[in-house]
Amino acid sequence: MKKKLNGVCFGEILFDVFLEHKKIGGAPLNVASRLNSLGAEVAMISAVGNDANGKILVDYLKKADIKTDAIQVKDIYPTGLVNVILNEKGNASYDINYPSAWDKIETSNENISIVEKADFFVYGSLSSRDSVSRNTLEQLLAVAKYKIFDVNLRVPHYTKKNVLDLLQAADFIKFNDDELNEICEDLNSNKKSLEQNIKFIAKETNTDTVCVTLGSHGAVLYCNDTFYHNCGFKVNVVDTVGSGDSFLASLIIMLLNGEDPQYAINFASAVGAIVAQNEGANPVISPSEIDDFLSGFDKIEPKIKESVTIQN
């Protein structure tokens, strides 16, 4: 029987504001939601404002059975808001309000204890744009058992030094291809191919698991000196918000449960594609829906299929 995984997600929880509505979001929250739906026990470390939006977010997490004990409430700073603009293909661009409550996550004995006890710890670069949350993240990384870095480069909310420091702390790194290229350039890589640059990053950071999403060309996973590929699944895209977060959560669950890496990347790509068929970052997806989706793609041989963009 497989162990029930215990994870922690650190960082931004917020509302994605679209032209006519708003949706609960933030990459760490989206990852936590999908991890929980796939059977993990998850705690969220973040902060909200002392306002109506903050109460809605905490209530949502509680109803989703995600632990909220380490979510701080700030009287001075508001709950995070992100203005989301979708293009004609459903791909998103973001205007991220600053400062928000999640920029001011303070270190506490409680959040240190939660991370120490967890099987894995998920963090991103956006949540360290402010020195308060960045200092807390550094202290939590020092006690985490297995560290998963979801690189999430949003101009102008990062610095080269900070991203490189976060890379060095990671045991498992997830990029999109643009992020990989930018960081390899920063590290003076002279490699030409995608696979060579992935191996370069793995060596530079002493990390044995690296995943790169490739937009309309699927994803590549490098795990224990072996490459695994998925070229994606063709679906009718509603929007891609959160598809990369569900992809990452699914990949984490599969790999940490000891599944074959090829099956893991196939499964994760399928979940990301299903999310893209729906509105918002966190649609409810049943295990049978994932099984049915995969069974419809020639016993998950995706190389002959057209693909959907997985939004980072």
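This is a predicted model: local features need pLDDT of at least 70, side-chain atom pairs count only at pLDDT 80 or more; totals for chains, interfaces and linings use all residues.
Biologist: Let's move to Lys104, then: which residue forms a salt bridge with Lys104?
Modeller: The closest N and O atoms of this pair are 2.9 Å apart. Lys104 lies in the loop between strand E7 (92-96) and helix H3 (109-117), and the partner lies in the loop between strand E8 (120-124) and helix H4 (131-141), so the pair ties together parts that are 26 residues apart in sequence. The partner of Lys104 is Asp130.

Biologist: Is Asp130 buried or exposed?
Modeller: Buried means under 20% relative accessible area here. Lys104, at 15%, counts as buried. Asp130 has a relative accessibility of 4%, so Asp130 is buried.

Biologist: How many residues apart are Lys161 and Asp165 in helix H5?
Modeller: These two side chains meet in a salt bridge, 2.7 Å from N to O. Lys161 is exposed at 59%, and Asp165 is partly exposed at 39%. Both sit in H5 (residues 160-169), separated by about one helical turn because they are 4 residues apart.

Biologist: How many salt bridges does the count come to?
Modeller: Side chains of opposite charge can pair when their charged atoms come close. For the count, a side-chain nitrogen of Lys or Arg has to be within 4 Å of a carboxyl oxygen of Asp or Glu. By that rule the total is 7.

Biologist: On to the nonpolar side: which residues touch the most other members of the largest nonpolar core?
Modeller: That core has 50 residues. Elements supplying at least two residues each include helix H1 (27-37), strand E4 (41-49) and helix H8 (243-256). The members touching the most others are Leu35 and Leu251.

Biologist: Which element gives the largest share of this core?
Modeller: Helix H9 (261-276) and helix H10 (287-295) are among the elements that each supply at least two residues. The largest share is 9 residues. Those come from H9.

Biologist: What does Leu251 touch, leaving out residues up to four places away in sequence?
Modeller: With those sequence neighbours set aside, Ala264, Ile265 and Ala268 are among the residues touched.

Biologist: Zooming out, what is the radius of gyration of the chain?
Modeller: The secondary structure comes to 10 helices and 13 strands. For 312 residues the globule rule gives 20 Å, and the chain's value is close to that, so the chain is as compact as a globular protein of that length. The radius of gyration is 18 Å.

Biologist: What share of the contacts with a separation of 6 or more comes from residues 24 or more positions apart?
Modeller: As background, buried residues make up 55% of the chain. Among contacts with a separation of 6 or more, residues 24 or more positions apart account for 71%.

How values were computed. Residues are numbered from 1 along each chain as its sequence is written. Side-chain values use heavy atoms; hydrogens and water are left out. Buried means under 20% relative accessible area, exposed over 50%, partly exposed in between (1.4 Å probe, protein chains only). A nonpolar core is a set of buried Ala, Val, Leu, Ile, Met, Phe, Trp, Tyr and Cys residues joined through side-chain atoms within 4.5 Å. Contact means heavy atoms within 4.5 Å. The radius of gyration is taken over C-alpha atoms; the globule rule is 2.2 Å times the number of residues to the power 0.38.
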